[in-house]
Amino acid sequence: MSTASTEISGHSYAHGPGRHDPHLAHHFDTPEQQFTSAKLGMWIFLGTEILMFGGLFCAYSIYRHNHPLVFKFAAEAYLSTKWGAINTVILITSSLTMAWGVRAAQLNQKKLLISCLVLTLMGAAGFLVVKTIEYSAKWDEHVWVGSWNRYNGDNDASYATPPPEQPTTRPMVQIPAPAYSSVAIADDANTGLDVSQIKPRFNDSFSQSIQVHPPKQESEQKPSGEEQVDERYKQLSASDQWHVNTFFSCYFLMTGLHGIHVIVGMGLISWILMRTLKNEFSSEYFTPVDLVGLYWHLVDLIWIFLFPLLYLIH
Amino acid sequence: MSKEEKVDNYLTHNRGFLSWALTLDHKRIGLLYMTFVLSAFLLGGTFAVLLRTSLLTPNHWMFPNDPAHDTQAKLFYNNMFSLHGAVMVFMFIIPAIPAILGNFILPMMLGAKDVAFPRLNLLSFYIYCLGATLFTWILMGGILRTAFNIHLPFGFGLDTGWTFYTPFSTSKAEDGMVAGVLGAFILGFSSILTGVNFIASIHTLRPRGMTWFRMPLFLWALYATSIIQVLATPVLAITLLLLVAERLLHVGIFDSSLGGDPVLFQHFFWFYSHPAVYIMILPAMGVISEVISVHSRKHIFGYSFIALSSVALALLGFLVWGHHLFVAGQSNLVDSIFSLLTFSVAIPSAVKVFNWLGTLYRGSIRFTPAMLFAMGFILLFTIGGLTGLFLGALATDVPLHDTYFVIAHFHYVMVGSMVFAFLAGMYHWFPKMFGKMCNPTWGRVAAIMLFIGFNTTFFPQFVMGAHGSPRRWATYPAEFQPYHVTSTIGSYIMAISLITVALNWLAGLLWGKTAPANPWGGNSLEWHCPSPPPHDNFSTPPVVDDPYNLSAWEYDASIEGWVPRKTQPVPAGRPAADRTRPVTH
Amino acid sequence: MSLTHSNDIPAPVADDAGPNAPHGVHAVPRRTLAGVYGLLILFTVITVAISKVDLGQANIWAALLIAVIKGGLVTMYFMHLRWDSPFNGLILISALFFVSLFIGLALLDSHSYEPQMKPTPMYVKTR
């Protein structure tokens, strides 16, 4: 008959000495099986994170390949290698403390584990502090994300248009959304708009303060280096000038998404810290520490690639 | 144990709302998914019928035929097909077989007590609910506003189609874009987490003796599906996030007036969405492998080929996304590369069809409802697959792109194949899940009616498309009206047959005969436990065997089911198929 | 073979793991952690230094190569992949493979049609 049949599934049906382990779920046979399974699941999840960031790396590759000079210009003018390198060192160090923390959990060294987790948290916080410094510098230099960027075509005072003598010829009129009983959604063609209707898209003070040309009576907010930047910008081709905005899109999307992952990581590490303080981990059971550690190392890994690609373009 | 004594099973194990809402039992989670996913199917299906109804005349007869209503009618149509497509794709087809049948059956086929991560499973379900609610709200809001001027709070609507192409979606589309896209984003996570769970389960919970090549083919199919879910869905996630960033912040990744590239959006979108169609079809193929084998009482033909072709399909499916971009502005070089790769992806599918036919050949075929749906699958999938070749060849794709030919092609594979397989699987495992038998006559009637209705609906669309009728248009030239009318009548027949299926199941649940543990005589492990199964699946651990060794069972008329064979093996010279069971149903 | 332990071969335990180290658990030795950390910092310094030298096209490849080395160190030692089941490594490699596939084909396409692209003038935005 079934010569190929073999014995049983599930030791989990037996009631052996290991089954009283409070951490062993009822559908697993042994703690080792459960731990291996958890690690496998976590690695699969890390794979999904790599794929997700991979999309951003794809957009980056395409835009940088097609406009190398744009990226060179924008990175040299607006990104600080110093801060990027400091962030890299901070993250690598926090990775070390996290790995050490996992080791401490495996060896029942509770106090060491707590210190390592606290140090990792401090590293993460430090990373975010540096990021804030960088982002606020970008805000001050009017190169923030999307329409708040002086190089973005949406920005009413964008550099993307050739400096005209008269007010900008790009009408940005807000047409109120039509009620659906009426006809005609306006199409792209010139609809005979009244240029005197021009209003900036955004009414915040930043938009109002940006001038199309850098006039001589500009307030002292503008640093002197900006004229040099303008000079180099004008040396780019028309097509390249149009794409400076894309560098900043890539920069903010990539570092922004990464930053969100850092914040989530801080939350996870804090959760592990609280559980450690409640004595939940030991050499018998340290799986959550290990899994959060893996997540944190992935955050570090992504930054290891972001740093040269964004900051070290020369 | 007397017959009157109630045996504790997973349905009766604990009672109360919280025992269901906070359950960690994979079987209950499967049923929870079933209620929501079938509701999504009802919603999407209702709009399908509405769409077909509105296409009865060339000039959107549901609205007055004057210029004032023209925009409104077209906006309504756009919202309708967006809702139909988005709900069906994201809320029905992708989760249906993995989340319902997979969740229920996979641990039992492994002889295990649950999936690897039961709490993650419950989380997946709640993420699905959240995404589905948000998505439905936005979509229905658009429908109500454009048709009836009813304004739901935050009910903005979505009129881009389920593909969200830029620059329309980032500039002029309705305001529901951001929220709707976030709904789809959330739904994607449900899919990812289910995939993580299944991969880990199949790796770590296989019992001793069940090597990879002794797993049932449904598990191979779910494994391949999970690989795709895990690798492809994150790219959808980032695509949707970029869409939101583009819409809210005007970053200019996809908008050419800001320096972006709209074709890049299509690369991003289809890198997920093409593998997504393999997420839809692979579990269906797994179901068919099980049903065909058991209901023709024959060992599956070419087991290794089917198993390996599942994985091959999963991997090759990642190489062909550019065939959606043939007329989008993709370069000629890359067009050719993708066209060539698209031809290669037909091969594993053909291997499977050949093996299923080989299984049916000289089998002892029982025309159960499950088998009828499975046979319908084979024919309809073949047609769907062959018509895909027309679309994969560059020259023929150019006139056929964005016509009704494409619509007919993907409905043949999504409805004609996946829905048929889903129904086959539901009929096949219904006794196991609920402990009741459905009336087989009505099941057969529904299957035949659905087959007829489906072909009536979609075959004319091949012809229409070949004649150039474009898709996603609310109005059409008058010469196409006969095709549209035929198609609409077919859709009504489909609706009636699906209602028949639903009533058949309901009647089975309420008044069906008690099901034996093994009503069809399968040998995979889920048939070794009672119907319905107890909370822990198996009271005694099952013995692992070749899952297609059907001769291990013999029919017992007293319980109208199959019991393990105790007698000696049949003498030599016996035909390959097991013909000891009289054909009575 | 008891019910609590499968017949897995126990992974080697770190030499400095101490008397409390349980059977089958591998803790990364302290010296390994410190050594890897040192290498990571060193490579960071190298990559910044190299970027200041103009190597033309080779710059980006040099930077990527160093990033891959650093990434490999983090993965193998901090993330414990060196002592883990090889399937976990396979997951990582597959994810990287599919990312490369995506970037490769999309980049090839974009490179091929880029000469046909020209900057779009601003249009009137209506909403």
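Reply: From the N terminus on, chain A runs α-α-α-α-α-α-α-α, with 8 helices and 0 strands. Helices here are DSSP runs of H or I with at least four residues, strands are runs of E with at least two, and both are numbered from the N terminus. This is a predicted model, where local features need a pLDDT of at least 70 and side-chain atom pairs count only at pLDDT 80 or more, while totals for chains, interfaces and linings use all residues. Residues are numbered from 1 along each chain as its sequence is written, and chains are lettered from A and ligands numbered from 1 in the order in which they are written.

Let's zoom in on α4(A), residues 110-140. The helix has 31 residues and reaches 45 Å from its first C-alpha to its last, close to the expected 45 Å; that expectation is 1.5 Å times one less than the number of residues. The buried residues of α4(A) are Leu113(A), Cys116(A), Leu117(A), Thr120(A), Gly123(A), Ala124(A) and Phe127(A). An α-helix has 3.6 residues a turn, so residues three or four places apart point the same way. As for partners, the buried residues of α4(A) pack against α3 (81-106), α7 (238-277) and α8 of chain A. After α4(A) comes His142(A), with a positive phi near 60 degrees.

Now for the chain around that helix. Of the 314 residues in chain A, 43% are buried. Among its contacts with a separation of 6 or more, 72% are between residues 24 or more positions apart; a contact means C-beta atoms, placed from the backbone, within 7 Å.

Chain A has a mean pLDDT of 78, with 71% of its residues at 70 or more; pLDDT is the predictor's confidence in each residue, from 0 to 100. Where pLDDT is low, the predicted coordinates should not be read in detail.

Chain C averages a pLDDT of 79, and 72% of its residues score at least 70. Its residues 1-22 fall below 50, with 43 contacts beyond near neighbours in sequence. An automatic or database assignment divides chain C into domain 1 (29-84) and domain 2 (86-116), whose C-alpha centres lie 22 Å apart.

As for how chains meet, 15 residues of chain B are in contact with 16 residues of chain C. On the chain B side, α8 (262-295) and α10 (332-360) each supply at least two residues, and α8(B) gives the most, with 3. For the complex, the predictor gives an ipTM of 0.91 and a pTM of 0.88.

Terms used
Contact = placed C-beta atoms within 7 Å. Buried ≥ 20, exposed ≤ 12 C-beta atoms within 10 Å, placed from the backbone.
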